[in-house]
Amino acid sequence: MAAVVDLRSDTVTRPTAAMRQAMAEAEVGDDVYGEDPTVRRLEERIAELLGTEAALFVPTGTMANQIALRSLTRPGDEVIIGVGAHCWRYESGALAALAGVQTQMIGSDGTFTAADVRAAHRHADPYSAPTTVVAVENTHNVAGGIVWDREALAAVTAAAHQLGMKTHLDGARIWNAAIATGASEKELAAGFDTISVCLSKGLGAPVGSVVAASKAVIKDCHRARKMYGGGMRQSGILAAGGLYALDHHRTRLVEDHANAKAFAEALSGKARIEIDLSRVQTNIVMVDVERGAAAVIEAAKAKGVLLGAASPTRIRAVTHLDVDHASVLRAAAVIAEVA
Ligand SMILES: Cc1ncc(COP(=O)(O)O)c(C=O)c1O
């Protein structure tokens, strides 16, 4: 049987031989003592890429979002998010449990407008949780890897600041958004007080995320990282994988986007399958299947194609470094057959 095509997520990639070598050779020190030169290099590199004063290396995207949002809020505050935001849906209730904040979801497809923000905003009064932060996800995962319109993004961050709120960008896949829009990461990060980015998704590093912000906010995040158990020791080994990924795997994301498009086009118009090609903008493809997601996923697995479920009737396929054009076309043929 041909090799398994794993389209469950862009997190399933394995580090390449060259990345492993860069990791093995990394210069390291104890990062809790602030003595790891490779971690410092990665933090400086990300701060420079995103146009912030400082940055902090953390183990996961979840921790990056959580310590950033914690640093911008006080317990009892409310954070405005788009429908299905990762920091709400897939971070185990951490915003409520650890930061003590509640969320208000606005918009309809993961994105929203400045008018939505104005309508949702509340000042503190004896009865209301003050809305103090707007959090944006770009690209938006559960909405299917869609990219924010840059004008809408600028209007949202401007409206938030006018209302005295802070702004957070969950940029786990900011690299994909940059490739899809032609804007630089710095341009996409402009207007945000905190930004989280992941090295372990499309970029193919095994571990690692980074929070970028002002020096004062990063000082707060540094303390929260230790509090949340994310102070690491010779983590330059991991940071070296991230640096390698930034140098070698960023521009190739264009291939993942082309493969996602080819996969979606191969499935479009097939019986008992519904796909909105206009929403295939980066490396994530949502496919509605009449037969039901669980049955299709099971049948595809038996034929060597691994997929995720986005809902009882929707499957999710994500392209990445470890799948090529031929494999995504084979996966599409299998799905068309079993659907
Ligand atoms: C948009 C987004 N933010 C944050 C995360 C969290 O990253 P991690 O799995 O490293 O905690 C993910 C993970 O898939 C994600 O898709």
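**Ground rules**

I count residues from 1 along each chain, as its sequence is written. Since I'm working on a predicted model, local features need pLDDT of at least 70 and side-chain atom pairs count only at pLDDT 80 or more, while totals for chains, interfaces and linings use all residues. My helices (H or I, at least four residues) and strands (E, at least two) are DSSP runs, numbered from the N terminus. I call two strands paired if DSSP finds at least two bridges between them.

**Entry 1**

I started with an open sheet of seven strands, and wrote down its order as 2-8-7-6-5-3-4. The pairing is mixed. A reminder to myself: strands of a sheet pair through backbone hydrogen bonds, either parallel or antiparallel.

Which strands sit at the edges? I found strand 2 (54-58) and strand 4 (102-106), each pairing on one side only. I then looked up strand 3 (residues 78-82), which pairs with strand 4 in the parallel sense over five bridges. Within that pair, V79 has T103 of strand 4 as its bridge partner.

Next I traced an open sheet of four strands, in the order 9-10-13-12, with antiparallel pairing. Its edge strands are strand 9 (273-274) and strand 12 (308-311), and each pairs on one side only.

I checked strand 9 against strand 10 (residues 284-289): two bridges join them, and they run antiparallel. Here E274 stands opposite D288 of strand 10.

How many residues does the hairpin from strand 12 to strand 13 pass through? I noted two. S311 has R314 in strand 13 as its bridge partner.

For helix pairs I use axes, which are lines fitted to C-alpha atoms over the stretch in contact, with angles from 0 to 180 degrees between N-to-C directions. Two residues are in contact if their C-beta atoms, placed from the backbone, lie within 7 Å.

For the label, angles under 35 degrees count as roughly parallel, over 145 as roughly antiparallel, 65 to 115 as roughly perpendicular and the rest as oblique. The crossing of helix 12 and helix 14 is right-handed; a crossing is right-handed if the near helix is turned clockwise from the far one by less than a right angle, and left-handed if anticlockwise.

From helix 12, N259, A262, F263, A266 and L267 meet residues of helix 14, including H325, V328 and L329. I sorted this contact by class and got ten nonpolar, two polar and no charged residues. (Ala, Val, Leu, Ile, Met, Phe, Trp, Tyr, Cys and Pro count as nonpolar, Asp, Glu, Lys and Arg as charged, and the others, Gly among them, as polar.)

Then I turned to helix 13 (residues 293-302): its axis and that of helix 14 come within 9 Å and cross at roughly 125 degrees. Helix 13 and helix 14 are therefore oblique to each other. V296, A299 and A300 of helix 13 meet V334, I335 and V338 of helix 14. This contact divides into six nonpolar, no polar and no charged residues.

**Entry 1: helix 2 on helix 11**

Helix 2 (residues 37-50) and helix 11 (residues 236-248) pack at about 35 degrees, with axes 8 Å apart. I noted a left-handed crossing here.

**Entry 2: around the ligand**

What surrounds the ligand? I listed T60, G61, T62, N65, H86, E137, N141, D170, A172, C198, S200 and S209, where near means a C-beta atom, placed from the backbone, within 6 Å. Helix 3 (residues 61-72) gives the most to this shell, with three residues. By class I have two nonpolar, eight polar and two charged residues in the shell.

Most residues other than glycine have a negative phi, and most peptide bonds are trans. I found a cis peptide bond from N138 to T139, with omega near 0 degrees. T139 lies in the loop between strand 5 (131-137) and helix 7 (150-162). I also noted S92, not a glycine, with a positive phi near 60 degrees. S92 lies in the loop between helix 4 (86-89) and helix 5 (94-99).
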